[in-house]
Amino acid sequence: MGQRIDGRAVSKALLAEVAASVAKHQARGVKPTLAVVLVGDDPASAVYVRNKGKRAAEAGIATVDHRLGADTTTGELLALIRSLNDDASVDGILVQLPLPPQVDADAVLLAIDPAKDVDGFHPENLGRLMIGDPRFVACTPLGCMKLLESAGTELSGARALVIGRSTIVGKPMAQLLLAANATVTTAHSRTQDLAEEVGRADVVIAAVGRPKMIPGAWIKPGATIIDVGINRGEDGKLCGDVDFDGALERAGAITPVPGGVGPMTIACLMHNVSLAASRR
Ligand code: NAD
């Protein structure tokens, strides 16, 4: 029976650390501030933004919300980003994704000042991660690394499998594991034999978005499993990409969904805002 990695507890400890560093910034007259840009009325995005606001308040970080209509143009959004870039009181800029279809999302992410890109999605920050000189690391992969650390998983020399190759999760995740000296494989939709890949991995990071696609029987006994997926199962309940109950039997340690990676993502965002404020 494996260890259940408690993402809520680890995120709480991280938020407490962030709150302590925020208090130091405040003592020297700097008020760490996150600008949150929400375009349109996607209900899930509204929930994420509300949660981020709550966690920010807990850490002592001020948030300034910018809500724009669903018919906002790329030009209008770029004008807002430029004004936030120029605003010395703003440390971090977060543009909640997804953006409505008429908006050029790449142009918007590219317009964010890399020094305020607390999501770590700007090509400059992704490139810095690749060359081994990271500044802002994307929050979900960073959170996964902190969970691996909390579980005491040895990464040096370990075989690590990242399932999924998105720019916001899979690719930066693989870079972080590589930097930690793991032997990294990235699996994706064209991978021939996923079961075989999973079966030889000491560490599995699942970031696909398909409910329980990885059965427990695939898992190498003792492996550490970090489940990034957030899905609605057939029973209507939230679940990950890994069959948690089956995997718990074989894994050394595993994150649940919910209560695993999700809370870490938000805590790492706050960590990045505090890091941004340390540059003021
Ligand atoms: P995405 O759709 O951009 O990428 C999914 C990846 O899965 C793709 O690279 C694709 O190649 C791969 N894939 C698809 N089918 C596959 C298959 N059969 N076998 C192997 N790989 C396959 O998604 P994303 O934005 O990277 O998010 C992935 C999941 O993580 C989603 O469920 C999302 O909701 C969740 N997520 C959670 C958090 C969090 O904070 N917990 C943050 C971001 C994303």
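A pocket here is an open set of grid points where a 1.4 Å probe fits, with protein on both sides within 12 Å along at least five of seven lines. The model shown is predicted.

**View 1. The second largest pocket.** About 250 Å³ of space lies in this pocket. Its lining counts 19 residues. Nearest the centre are Lys212, Leu238, Cys239, Phe244 and Val257. Strand S10 (238-239) and helix H9 (244-250) each supply at least two lining residues. By class, the lining of the second largest pocket holds eight nonpolar, three polar and eight charged residues.

**View 2. The largest pocket.** The volume of this pocket is about 1,400 Å³. It is lined by 45 residues. Tyr48, Thr140, Ile230, Gly262 and Thr265 lie nearest its centre. The lining of the largest pocket divides into 24 nonpolar, 12 polar and nine charged residues.

**View 3. What builds the largest pocket.** Domain 1 (29-113) and domain 2 (139-262) both give residues to the lining, so the largest pocket lies between them. Helix H2 (43-59) gives the most, with eight residues. Other elements that each supply at least two include helix H1 (7-27), helix H6 (139-150) and helix H10 (261-277). Strand S4 (92-95) also supplies at least two.

View 4. Gln96 sits in the loop between strand S4 (92-95) and helix H4 (105-111). Gln96 counts as buried because its relative accessibility is 7%, and buried means under 20%. The side chains of Gln96 and Lys52 are joined by a polar contact of 2.8 Å. Leaving aside residues up to four places away in sequence, Gln96 touches Val37, Leu38, Ser45, Tyr48, Val49 and Lys52.

Terms used: Residues are numbered from 1 along each chain as its sequence is written. This is a predicted model: local features need pLDDT of at least 70, side-chain atom pairs count only at pLDDT 80 or more; totals for chains, interfaces and linings use all residues. Side-chain values use heavy atoms; hydrogens and water are left out. Helices (H or I, at least four residues) and strands (E, at least two) are DSSP runs, numbered from the N terminus. Buried means under 20% relative accessible area, exposed over 50%, partly exposed in between (1.4 Å probe, protein chains only). A polar contact is a pair of N or O atoms within 3.5 Å; within protein, one must be able to donate a hydrogen and the other to accept it, and residues adjacent in sequence count only if both atoms are side-chain atoms. Contact means heavy atoms within 4.5 Å. On a 1 Å grid over the protein atoms alone, a cavity is a set of points where a 1.4 Å probe fits but cannot get out, and a pocket is an open set with protein on both sides within 12 Å along at least five of seven lines; lining residues have an atom within 4 Å of a point. Grid points are joined across faces, edges and corners, and a volume is the space filled by probe spheres set on the points. Ala, Val, Leu, Ile, Met, Phe, Trp, Tyr, Cys and Pro count as nonpolar, Asp, Glu, Lys and Arg as charged, and the others, Gly among them, as polar. Domain bounds come from an automatic or database domain assignment.
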